[in-house]
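Trainee: I've got this one open on my screen and want to know where the labels come from. Can we go through them one by one?
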Amino acid sequence: SFIYVFSSLVILVPFSLLIASLLNRPVRFRRVFRTVILMPWVISQTIAGLLWQWALNPSYGPFTDAIYRLTGIRPDVLGYPDSAMAALVVVNIWLNYPYAAILFLAALQTIPKELYEAAGIDGASAWASFRSITLPLIKPTIMITAIILTLLFFNMVSLVLVFTGGGPFSATEVLSLRAFKEAFQFFRIGLGSAFSVVIFMINIIFSLWYVKLLRTDIYS
């Protein structure tokens with residue numbers, strides 16, 4: 001569960017911030033680009049799991065077929081523990097990055113353009129402006145987004161259940177999926193409730209930690 005959650009966050013947050021920065025630029029057909037890029041957000045976890053399971057199927061999946069045409073090898077991505085976890089993280093990022101990108105885009109649009117103009121007059125580079133102006137002003141939004149996504153990922157069941165089912169060899173069986181299986185598949189309600197309590201406590205700990213960091217940043 002920790003590998004799944006933190007791997008997703010470490011990649012998703014910077015990637016979403018990059019997408020939001022690109023969408024905030026005044027380019028032609030910007031609304032069309034926004035619609036296309038944010039499209040995965042409207043897909044449910046179940047549909048996304050089925051879609052990517054089909055795409056990565058070693059026998060007839062389009063991705064594996066393309067790799068076979070290039071290398072002569074049909075990789076069984078979901079058949080090995082490490083690659084299955086990596087694929088699960090990638091699918092989770094693909095499914096949820098639009099949500100973070102929307103929040104970051106809204107935060108970027110609240111930053112006054114005069115700050116960037118003043119920085120440009122002082123000779124600041126684009127990276128310096130991002131580091132000194134953009135990042136500090138949107139840091140509260142980043143922290144709140146991280147809180148929401150952490151809770152979402154720790155409690156996620158549908159995507160993991162449909163995409164990998166917790167396999168292979170329980171390599172992708174996160175706590176939420178284990179709680180679901182114990183309660184509704186094996187009918188061990190007590191053990192499923194125990195797993196749920198553990199998940200609840202982890203959610204509380206991370207929420208308090210994020211809130212503490214957020215308050216420290218605001219009042220510092």
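**Reading the labels**

Mentor: Start where two helices touch: Leu115, Tyr116 and Ala119 of α6 meet Ser129, Ile133, Thr134 and Leu137 of α7. By class, that contact holds five nonpolar, two polar and no charged residues. Keep in mind that this is a predicted model.

Trainee: Why are α6 and α7 called roughly antiparallel?

Mentor: Look at the angle: α6 and α7 pack at about 160 degrees, with axes 10 Å apart. Anything over 145 degrees counts as roughly antiparallel, so α6 and α7 get that label. Their crossing is right-handed.

Trainee: Then how do you know that α3 and α5 are oblique to each other?

Mentor: The axes of α3 (residues 45–55) and α5 cross at roughly 135 degrees and come within 11 Å. Roughly perpendicular covers 65 to 115 degrees and roughly antiparallel needs over 145, so α3 and α5 end up oblique. The crossing of α3 and α5 is right-handed.

Trainee: Which residues meet there, in α3 and in α5?

Mentor: From α3 you have Gln45, Ala48, Leu51 and Trp52, and from α5 Val91, Trp94 and Leu95. They divide into six nonpolar, one polar and no charged.

Trainee: And α1 with α5, what angle do their axes cross at?

Mentor: Roughly 40 degrees, and the axes of α1 and α5 (residues 81–108) come within 6 Å. Roughly parallel needs an angle under 35 degrees, so α1 is oblique to α5. α1 passes α5 in a right-handed crossing. The contact of α1 with α5 has 20 nonpolar, six polar and no charged residues.

Trainee: How many helices and strands are there in the protein?

Mentor: Ten helices and zero strands. The C-alpha atoms fill a box of roughly 65 × 50 × 25 Å along the principal axes.

Trainee: On to the largest pocket: what is its volume, and how many residues line it?

Mentor: The volume is about 650 Å³, and 18 residues line the pocket. The elements giving two or more residues to that lining are α1 (2–23), α6 (113–121) and α7 (126–154). Nearest the centre are Ser21, Asn24, Arg25, Tyr116 and Thr134.

Trainee: What makes a residue part of the lining?

Mentor: It needs an atom within 4 Å of a grid point of the pocket. By class, the lining residues are ten nonpolar, five polar and three charged.

Trainee: Last one: which peptide bond is cis, and what is its omega?

Mentor: The bond from Gly167 to Pro168, with omega near -5 degrees. Pro168 sits in the loop between α8 (158–163) and α9 (175–185). Most peptide bonds are trans.

Note on methods: Residues are numbered from 1 along each chain as its sequence is written. This is a predicted model: local features need pLDDT of at least 70, side-chain atom pairs count only at pLDDT 80 or more; totals for chains, interfaces and linings use all residues. Side-chain values use heavy atoms; hydrogens and water are left out. On a 1 Å grid over the protein atoms alone, a cavity is a set of points where a 1.4 Å probe fits but cannot get out, and a pocket is an open set with protein on both sides within 12 Å along at least five of seven lines; lining residues have an atom within 4 Å of a point. Grid points are joined across faces, edges and corners, and a volume is the space filled by probe spheres set on the points. Helices (H or I, at least four residues) and strands (E, at least two) are DSSP runs, numbered from the N terminus. Ala, Val, Leu, Ile, Met, Phe, Trp, Tyr, Cys and Pro count as nonpolar, Asp, Glu, Lys and Arg as charged, and the others, Gly among them, as polar. Axes are lines fitted to C-alpha atoms, for helices over the stretch in contact, and angles run from 0 to 180 degrees between N-to-C directions. A crossing is left-handed if the near helix is turned anticlockwise from the far one by less than a right angle, and right-handed if clockwise. Contact means heavy atoms within 4.5 Å.
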